[in-house]
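Subject: Structure for you to look at

Hello,

Here is the structure that I said I would pass on. Please open it first, and then read the notes below.

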Amino acid sequence: MDLVQLQRQLVDYRTSLYHEGFLDEQFTQLQSLQDENNPDFVVEVVSLFFEDSERLLNELSKALEQQVIDFKRMDAQVHQLKGSSSSIGAHRVQKLCIVFRNYCEAQNVEGCLKCLQQVKHEYGIIKTKLESMFQLEQQILNAGGSIPV
Amino acid sequence: MESCNCIEPQWPPDDLLMKYQYISDFFIALAYFSIPLELIYFVKKSAVFPYRWVLVQFGAFIVLCGATHLINLWTFTVHSRTVASVMTTAKVLTAAVSCITALMLVHIIPDLLSVKTRELFLKNKAAELDREMGLIRTQEETGRHVRMLTHEIRSTLDRHTILKTTLVELGRTLALEECALWMPTRTGLELQLSYTLRQQNPVGYTVPIHHPVINQVFSSNRAVKISPNCPVARLRPAGKYMPGEVVAVRVPLLHLSNFHINDWPELSTKRYALMVLMLPSDSARQWHVHELELVEVVADQVAVALSHAAILEESMRARDLLMEQNVALDLARREAETAIRARNDFLAVMNHEMRTPMHAIIALSSLLQETELTPEQRLMVETILKSSNLLATLINDVLDLSGLEDGSLQLDLGTFNLYAVFREVLNLIKPIASVKKLHVSLTLAPDLPEYAIGDEKRLMQTILNIVGNAVKFSKEGSISITAFVAKLDTLRDSKAPEFLPVLSDNHFYLRVQVKDSGSGINPLDIPKLFTKFAQNQSTGTRNSGGSGLGLAICKRFVNLMEGHIWIESEGLGKGCTAILIVKLGMAERVNESKLPYMPKMPTNHGQTAIAGLKVLVMDENGVSRMVTKGLLLHLGCDVTMVGSSDECLRLVSHEHKVVFMDICVPGIDSYGITIRIHEKFTKRHERPLLVALTGNTDKVKKENCMRAGMDGLILKPVSLDKMRSVLTDLLEHRVFFEAI
């Protein structure tokens, strides 16, 4: 595909992500931190986020399957997830985490289960989207262009 | 025989009979001549005589008759023929006139007779008119008497004077022998002789009321003649004389209650007095109709006058009573005002007097906290601080309440995080609840906005108070707190008819329900709950030690927030639900740490100060740790990362200028670390600046950070520019607390 087209596609895609509320300004901040000294900063952070989130989500699923649910621990984990998602600007995930925490505090098992499903769902979406975005960026780089800001 | 033309009378003139005839004729002639003279004389005298020509005729007739008789005198002796012829002429004329007269009289006499009858008729009429005149005059006089009597009666409002005057005037007008008034007694079963005309001081003579005669008098509104032997009429000592006729009339006694607005008084409920009038004895006088009428009229007037007097008396009494009450009320009001002023003065003075020492204690304890202390000492100082804060809160409460009552309290409006308020309440209440093994749950509706505009501190105070009460009065079970946005229909069926919520675009009504399964409240006590200083002394609750102000203050705060608060309970032992609705403004998601999407702006502003700065970052969350590190690296700092508090304590050194700590992670005692770092670096200039990084916070947390000894607080997520300015500020002022 044409370089200009790719770049334009990337910009549109990014804008749509902001528009739809998947990302917020924090992500922009992350991007602004990326420079010559730190060329892969964003990718690194996002990869770390993916790892962390998947781990946390697994643990949460396991915790909810237990007989006696340790809500405190769950709360702490959701807090972690919230922190991570807010650090990279995964807006929707962060919001869901807030709701999740409320349910944890209320010790509402049904609510927690429902919320967990939603978080997983949202996480899935954002992961896919970010991965596609990175792919686009890679394509642009391969084509010799620079990533527009 | 001589031949003369003389006529001889038949009889000799010397005869006795002839003599008598001669004399009679003479007198007849005389009379006959004088009669017309008399007639003329008298007719001339009288003005009216309609039959003049009859008179003339009659005069002529008589004159001629007289002439005849006169001439007859000559015939008694020898007389000549001439005399005889004259005599004859006269006779003939007389005959003619008399015949004519006789014929005329046939016409005249009936007329004359009818004049007579007319005269009789007129005389009768005149007599009749005279009689009627007499009657009218008497009536008019009666009327005059009545008017005078009425005037006398009405000119006074004193009951005794009225009655006395009545009797006197009646006695005078009608020339009575005795006049008396019998009034019904209090029981209504007897009539008591109250007033008499002649006797000065009537004896308290009573007569039972149910006497046939009395009933008869009472049943009609006319004056009734009664027998002098009747008990009410026996007013004079019995004597040998014939008692005069007695008349009795009823006098209605009107009461105020008889005058209904739309009805006239009913006769059946009236009480009557009896007026008895006695004509002089031994006189043949009888009661005339007009006199009876006079008596009836007077009786009515007396009734009216009496009722006026009674009404006036009552109204005077009522007025006096009102005046007394007014005076008493005035006094009470002045006393109340004095009391209020005294209280206000007291509060104003105590305000200052109480706050000054409190401030001293709190300030000095805080300062003490900052110095070197052993852990025991620190614990003591903390306890002192906590207690004095509590006391300061109490003082503020009391002063708030008086401020609320004066209407001088204003809400501190600001944007705040609603979720944070609830979480803070939960955090504060959890320790106590877990000690009592109570289960506390918080449910926030998904549509509840995260941020709102309102008075955060007072909202939290109110919610905390309610939740605190729920915990206080529950020995076991669970407490659930739910918060959601109230819709219009739920607002309407709240138990407050005067609460009229108005929905508008930039406001919403927050509804918080706190349900506990504790001791419950008797529904009858519920209204008293919100009155200050009235504590519910229900059995089985231990003395909570509260001042009873809490709910009253809550109610006032809620009212200021244009909301409503009430408590529902089904009874003792059935728990209760406190429901609170307040109006909050909608806030756009304002987060001061967020800056709009700006392109990267390279600046040298303060860069030199930051470059090479040695910084320690402590964050458990890998991702956010990495982000923060990237941020700081980008700014040119020398970053050391640690993942736990122990590591942090181990690695921190005096080379580090700033330590960033993430404190929103549960399980990290950031305050403890702060304290230990303070311990580690006793000299102030060696100690790194401690900055708290947190994702969400509120004023309370901020104050806690400040008190714990932190030098700064920033909200995550942190943008590049923000971090830059924060570091610059921090290095310049050695303190940076983000506005929350």
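Where in chain A is the place of His79(A)? His79(A) sits in helix H4 of chain A, which covers residues 71–88. Helices (H or I, at least four residues) and strands (E, at least two) are DSSP runs, numbered from the N terminus.

Before the rest, some conventions. This is a predicted model, in which local features need pLDDT of at least 70 and side-chain atom pairs count only at pLDDT 80 or more, while totals for chains, interfaces and linings use all residues. Residues are numbered from 1 along each chain as its sequence is written, chains are lettered from A and ligands numbered from 1 in the order in which they are written, and side-chain values use heavy atoms, with hydrogens and water left out.

The two chains

Chain A has six helices and zero strands, and its pattern along the sequence reads α-α-α-α-α-α. Of its 149 residues, 52% count as buried. Buried means under 20% relative accessible area, exposed means over 50%, and partly exposed is in between (1.4 Å probe, protein chains only). Among the contacts in chain A with a separation of 6 or more, 67% are between residues 24 or more positions apart. Contact here means heavy atoms within 4.5 Å.

Chain B contains 18 helices and 19 strands. It has 740 residues, of which 40% count as buried. For contacts in chain B between residues at least 6 apart in sequence, 70% join residues at least 24 apart.

Annotated positions

UniProt, in an unreviewed entry, places the feature "modified residue: Phosphohistidine" at His79(A). UniProt positions are given in the numbering used here, feature names are shortened, and annotations may be inferred rather than shown by experiment. His79(A) has a relative accessible area of 7%, so it counts as buried.

An unreviewed UniProt entry gives "modified residue: 4-aspartylphosphate" for Asp662(B). Asp662(B) belongs to strand S16 of chain B, residues 658–662. Its relative accessible area is 2%, so Asp662(B) is buried.

Helix packing in chain A

How do H3(A) and H6(A) lie to each other, roughly parallel or roughly antiparallel? Helix H3 (residues 41–65) and helix H6 (residues 109–142) of chain A pack at an angle of about 160°, and their axes are 11 Å apart. H3(A) and H6(A) are therefore roughly antiparallel. Axes are lines fitted to C-alpha atoms, for helices over the stretch in contact, and angles run from 0 to 180 degrees between N-to-C directions. Angles under 35 degrees count as roughly parallel, over 145 as roughly antiparallel, 65 to 115 as roughly perpendicular and the rest as oblique.

H3(A) passes H6(A) in a left-handed crossing. A crossing is left-handed if the near helix is turned anticlockwise from the far one by less than a right angle, and right-handed if clockwise. The residues in contact include Phe49(A), Phe50(A) and Leu57(A) of H3(A), and Leu116(A), Tyr123(A) and Phe134(A) of H6(A). By class, this contact has 15 nonpolar, two polar and four charged residues. Ala, Val, Leu, Ile, Met, Phe, Trp, Tyr, Cys and Pro count as nonpolar, Asp, Glu, Lys and Arg as charged, and the others, Gly among them, as polar.

H4(A) also packs with H6(A): their axes come within 13 Å and cross at roughly 25°. H4(A) and H6(A) are therefore roughly parallel, and H4(A) passes H6(A) in a left-handed crossing. The contact is made by Phe71(A), Met74(A), Leu81(A) and Ile88(A) of H4(A) and by Val109(A), Cys112(A), Val119(A) and Leu130(A) of H6(A). These residues divide into eight nonpolar, no polar and no charged.

Single residues

Ser84(A) is in helix H4 of chain A and is buried, with a relative accessible area of 0%. Leaving aside neighbours within four places in sequence, Ser84(A) is in contact with Phe49(A), Asp52(A), Asn621(B) and Val623(B).

Lys437(B) is not a glycine, yet its phi is positive, near 55°. Lys437(B) is in the loop between helix H8 (418–435) and strand S8 (439–444) of chain B. Its relative accessibility is 71%, so Lys437(B) counts as exposed.

Regards
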